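Hi everyone, thanks for making the time. I'd like to walk you through one model this morning, starting where its chains meet and then moving to some local details. Let me put it on the screen.

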Amino acid sequence: MKKSLIALLGMIFLGASQVYAQGTNELKIVVNPDPININVGEEIQINAKVVNADGVVQPDTVLFFSRSPRSLSVSREGYAKALKPGTSNVMVFKPAQGESPSIRTTIEVMVTYPKLEKLVFTESTSEMYEGTSFLTSTVIYDEMDFLRDDLEITDFRSSKPDVAQINRYGKINAKKPGKTTISATYDGITTSFDLRVEENPVRSVELSVDKESARTGDVLHLTAIAKDRKDREVEDAPIEYSFTSVPDDHRGQGASAQIEQDGRFVANHPGLYTIIARNAGSVDEVTVRIEPRNVGRDISVAGFGAVSDVYTSDLWVWEGVDGRDYAVTGTWSAKGDALFWDVTDPSNMHIIDTVTVDARTVNDVKVSEDGRIAVISREGASNRKNGLVILDVSDPSDVKILSRFDDGLSGGVHNVFIDKGYVYAINNGRKYDIINIKDPANPFRVSEFELDTPGHSVHDVWVVDGIAYSSNWTDGVVAVDVGGNATPDMPGAGGSPENPVKLGSYTYPSGWNHAAFPFKSKSADKFYIAAGDEAFPNGEAAGYIHFFDLSSWENGQEVARYEVPEAGTHNIWIQDDVMYVAYYQGGLRIVDVSGELMGNLYDQGREIARYLPKDPDGKIPNSPQAWGPQPYKDLIFVSDMNSGLWALKLSPPNTASAQ
Amino acid sequence: MKFVKQTFIPLILLAIIITPKLIAQDYYAYVAAESEDEVHLVHFNANTQNLEIAETIHVGRYPTEIDGPHGITVSPDGKNWFVSIAHGNPYGYLAKYSTETNELISTAELGMFPASMEISEATGLLYVVNFNLHGDMVPSTVSVIDPESMIRIVDVDTGIMPHGSRLSTDGRRQYHVSMMTDELIEINAQTLEVSRRLKLGKDAQKMNHEGMDHSKMDHSAMSGPNGSMPMHKPVEKPTWADPHPTKPFVYVAGNGSNELLEISTKDWQITRRFTTGKAPYNLEVSPNGKLVVVSYKGEGATGVWDIESGKELAKIPNTRRVSHGVAITPDSKYAFITVEGVGGEPGSVDVIDLNTLKNVDHVDTGKQAGGIYFWKQVK
């Protein structure tokens with residue numbers, strides 16, 4: 001018995017030693033050449049062999065993989081080609097063979113920058129008036145024609161500094177009439193241009209402003225005319241604009257205004273502003289009074305419909321065929337419900353019907369213009385077919401399912417829009433399908449629109465006046481003609497739902513574009529697209545609303561933003577120059593977007609009201625997470641993820657208890 | 001001394017005999033809840049026959065979108081778990097977590113709707129299928145990731161809607177299926193190239209594909225719009241492949257044909273076909289090589305098959321509808337089954353005793369429990 005026990009224990013120890021003996025193999029990969037330095041465009045064969053602890057080469061094969069193939073392409077056999085400068089890593093991998101385990105190593109390949117080849121002034125001038133200044137711009141390229149934007153050029157010179165001086169930032173100050181050569185040098189490469197400084201004919205500058213008093217956020221337009229001794233206009237005289245300010249509140253207040261050299265000025269804070277126009281020694285100034293915008297209004301709760309067992313998603317409010325007011329809300333990560341509400345008396349809003357479909361999330365809900373048809377989206381269907389469901393809502397207390405459409409929509413429909421008998425359905429976040437629902441019991445696809453950019457993705461689509469505005473993350477907002485009314489300044493492209501035609505796109509660097517709402521300003525001759533972000537960079541919602549000023553479909557300039565620093569945007573709605581933003585944890589924000597827009601509207605006193613929808617009995621108690629707003633009649637409805645449906649009412653203008 | 005020998009040694013022997021009964025037998029597995037953006041660490045105590053959620057980890061990047069954790073695996077050393085996040089913008093990604101802290105370590109971008117995956121013990125690389133579940137019917141890829149650096153080192157071209165990535169015991173062959181072309185596909189895990197493809201249809205078996213290297217054939221003339229292959233209407237719609245731990249066979253779930261297929265990797269042909277319950281989805285061969293456990297997605301049940309006899313030993317109802325994943329404990333005693341549920345139902349994990357062939361316990365999870373992978377067994 002004793003012997004048996006000892007033998008058993010011995011076996012146990014033996015087994016343990018075998019386990020721990022694993023991983024002691026001392027094979028290693030030796031790479032040649034080492035180190036590896038090559039130039040961009042060069043090719044090299046990287047060699048590697050497997051050796052044991054005694055340095056004996058083993059008969060193993062190795063494979064090579066580039067960890068940055070866009071910078072360094074490497075075949076599995078180790079044939080490398082340098083595509084971009086910098087340090088690239090190559091993994092050298094020996095698969096397991098027989099009893100020999102796999103091993104790997106990573107080597108660095110230094111791809112050296114090609115020689116610098118040319119320096120170019122991208123902004124220069126051949127003539128200047130005495131006493132004026134000009135900011136140049138330079139770039140440098142290497143022999144491979146790569147732009148070296150990592151290099152800072154600071155060696156600027158003027159051949160005759162008494163004629164014109166140039167500082168290390170490339171700004172020229174014209175001193176006196178004469179000729180000089182302006183040069184820039186970097187690492188032995190020089191470029192230059194000839195500059196003639198002429199006697200400055202300007203003897204005076206006259207500055208006018210289109211308004212002598214305005215409110216915060218109002219954009220003022222400056223006109224400065226330079227004149228010679230005979231009082232004639234000097235049309236090519238450059239003007240520099242600047243300002244000084246005496247804000248009403250001068251106790252540590254932040255930046256008070258913003259001025260652009262194209263002659264636009266906007267103030268964030270009330271006070272006295274002196275705007276200055278200057279050409280050399282000729283200066284004029286105008287003082288303007290900026291008043292508080294005073295758009296704040298009190299907001300109150302007109303009604304609340306609690307949804308505390310599930311998360312609430314989007315909403316739509318409409319006037320039913322019977323003249324009563326109704327709303328539908330979706331549910332998120334729940335059991336596939338769409339809730340129908342009677343909101344005629346908002347103080348007594350209540351659910352009158354619930355439609356349950358095979359889904360976890362009914363993310364979006366929309367109702368047709370005539371109030372008879374609703375479309376709800378499906379995600380998380382148990383059969384993974386998802387798609388959308390078309391409903392008869394002519395009697396919202398007895399909603400009927402007319403049809404389901406999931407053909408080709410199995411990836412889930414995240415958002416939908418109804419316009420003139422067509423549904424625009426986001427398909428798998430990749431494209432949007434256009435589906436004819438004129439016979440809602442028999443829907444059929446008529447077309448689809450998909451970008452062709454690498455890795456494209458789409459999140460939402462909204463149709464206004466025959467133009468579909470989709471929100472496409474990194475591809476920004478894309479305008480597509482689906483039957484738009486052409487105007488002389490913004491002509492369409494002959495598109496239709498059956499033939500969607502792209503008009504233009506408007507991107508911004510963050511790539512967070514999640515929603516879009518176009519609007520023709522009622523108070524300025526402007527056509528804007530408000531582009532909303534969605535992002536959670538640190539786990540909390542972030543992002544803001546970007547405003548693009550469209551002069552044509554091809555040209556949209558980002559001119560303004562509305563950025564609440566401590567929260568993140570979700571859905572938006574703009575009506576009568578008022579923007580309603582569901583700002584997630586920042587609640588509902590109501591913002592005056594009248595007039596021309598410039599700068600950060602958040603700083604300009606444009607916020608009319610805000611409301612934090614929260615419910616102590618909510619899905620997450622006392623935690624606002626505003627999802628979607630909709631102004632409707634004299635109310636603003638808001639769906640909130642954690643609490644449900646809210647109806648809010650603004651007090652009349654200029655009656656706010658505190659501005 | 002004699003007293004000691006007579007008393008102490010029998011006591012030791014007795015302790016050895018009864019120790020397995022006294023020492024707790026704990027099993028841990030990671031489970032992905034696709035419609036809840038959660039991963040659960042589930043713990044099963046074999047002594048008490050109790051299954052519980054030991055920890056829940058929220059995954060994904062968008063708290064207000066469903067990111068869809070789908071496939072899950074654990075590194076061979078047990079130090080990390082990996083989950084594929086299927087719903088991307090548009091691409092999904094792989095997320096690497098520590099099993100010690102369950103905290104996110106790093107991510108790597110993958111293809112469209114990345115799904116099941118496993119790490120080769122031979123190469124140390126992770127092989128994940130880009131299922132592209134909702135995209136156009138075009139050939140997809142298997143992404144090969146270095147789990148250490150989380151670098152995607154290569155995408156291996158494969159069939160349409162590839163799924164069920166599992167490796168041979170020696171780690172040198174990766175097997176998956178191409179759902180929409182009815183194929184079993186073998187990748188050489190070392191050279192990272194498709195080595196063999198096998199048509200799984202009954203008609204296709206009449207053709208001798210032996211020796212054909214499809215990877216070098218030009219199929220472009222056969223393609224429809226966007227490279228699709230409209231001429232093939234899938235029948236088997238295979239959704240999973242798992243190689244036998246010791247024998248030269250791979251077992252495939254024929255989701256469309258309600259079959260369990262046995263394929264000889266030696267002869268590269270189907271050796272047996274078994275009619276199963278409705279819509280077999282995932283399967284796993286027990287580590288002792290005796291059983292195949294198959295989830296029947298279409299009927300909310302799990303089939304336990306005896307490999308030698310080819311008989312279904314039992315069909316065990318799951319606790320709810322839409323059965324999904326299978327993970328068997330290393331001692332081949334228990335099978336963990338994930339069940340998705342429908343709509344607002346929670347998901348669940350069932351534990352089946354593979355000796356009694358009975359469901360011994362279950363635990364509710366986040367919605368749509370899917371991917372499951374065994375982590376560790378603790379005595």
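Let's begin with the interface. Here 34 residues of chain B are in contact with 31 residues of chain A. In contact means that the C-beta atoms of two residues, placed from the backbone, lie within 7 Å. On the side of chain B that touches chain A, the elements giving two or more residues are α1 (2–22) and β11 (151–160) of chain B. Those element names come from DSSP runs, numbered from the N terminus: helices are H or I with at least four residues, and strands are E with at least two. Sorted by class, that side of chain B has 15 nonpolar, 13 polar and six charged residues. For the classes, Ala, Val, Leu, Ile, Met, Phe, Trp, Tyr, Cys and Pro count as nonpolar, Asp, Glu, Lys and Arg as charged, and the others, Gly among them, as polar.

A quick word on ground rules. This is a predicted model, where local features need pLDDT of at least 70 and side-chain atom pairs count only at pLDDT 80 or more, while totals for chains, interfaces and linings use all residues. Residues are numbered from 1 along each chain as its sequence is written, and chains are lettered from A and ligands numbered from 1 in the order in which they are written.

Now chain B by itself. One helix and 28 strands make up its list of elements. Of the 379 residues in chain B, 54% are buried. Buried here means 20 or more other C-beta atoms within 10 Å of a residue's own, exposed means 12 or fewer, and partly exposed is in between, with C-beta atoms placed from the backbone. If you take the contacts in chain B between residues at least 6 apart in sequence, 45% of them join residues at least 24 apart.

How many of the five residues of β50 in chain A are buried? Five of the five, across residues 578–582, so strand β50 is largely enclosed by the rest of the structure. A:V578, A:Y580 and A:A582 point one way from β50(A), A:M579 and A:V581 point the other way, and all are buried.

What does β50(A) pair with? Strand β49 (residues 572–575) of chain A pairs with β50(A) in the antiparallel sense, over four bridges. To count as paired, two strands need at least two bridges found by DSSP. Within that pair, A:W573 stands opposite A:Y580. As a reminder, most residues other than glycine have a negative phi, and most peptide bonds are trans. A:D576 is exposed, with 10 other C-beta atoms within 10 Å.

There is a second neighbour too. β50(A) and strand β51 (residues 588–592) of chain A pair in the antiparallel sense over five bridges, and the bridge partner of A:V581 in β51(A) is A:R589. That hairpin has five residues between the strands, and A:Y584 takes a positive phi near 40°.

Chain B has a positive phi to show as well. B:N258 has one of about 55° although it is not a glycine, in the loop between β17 (249–254) and β18 (259–264) of chain B. With 18 other C-beta atoms within 10 Å, B:N258 is partly exposed.

Back in chain A, four strands form an open sheet in the order β20-β22-β25-β24, with antiparallel pairing. Its edge strands, each pairing on one side only, are β20 (204–209) and β24 (257–260) of chain A. β20(A) and strand β22 (residues 219–227) pair over six bridges, and in β22(A) the bridge partner of A:S204 is A:K227.

Last stop: which peptide bonds are cis? One of them runs from A:N32 to A:P33, with omega near -5°, and another from A:D34 to A:P35, with omega near 0°. A:P33 lies in the loop between β1 (28–32) and β2 (36–39) of chain A, and A:P35 also lies in the loop between β1 and β2.
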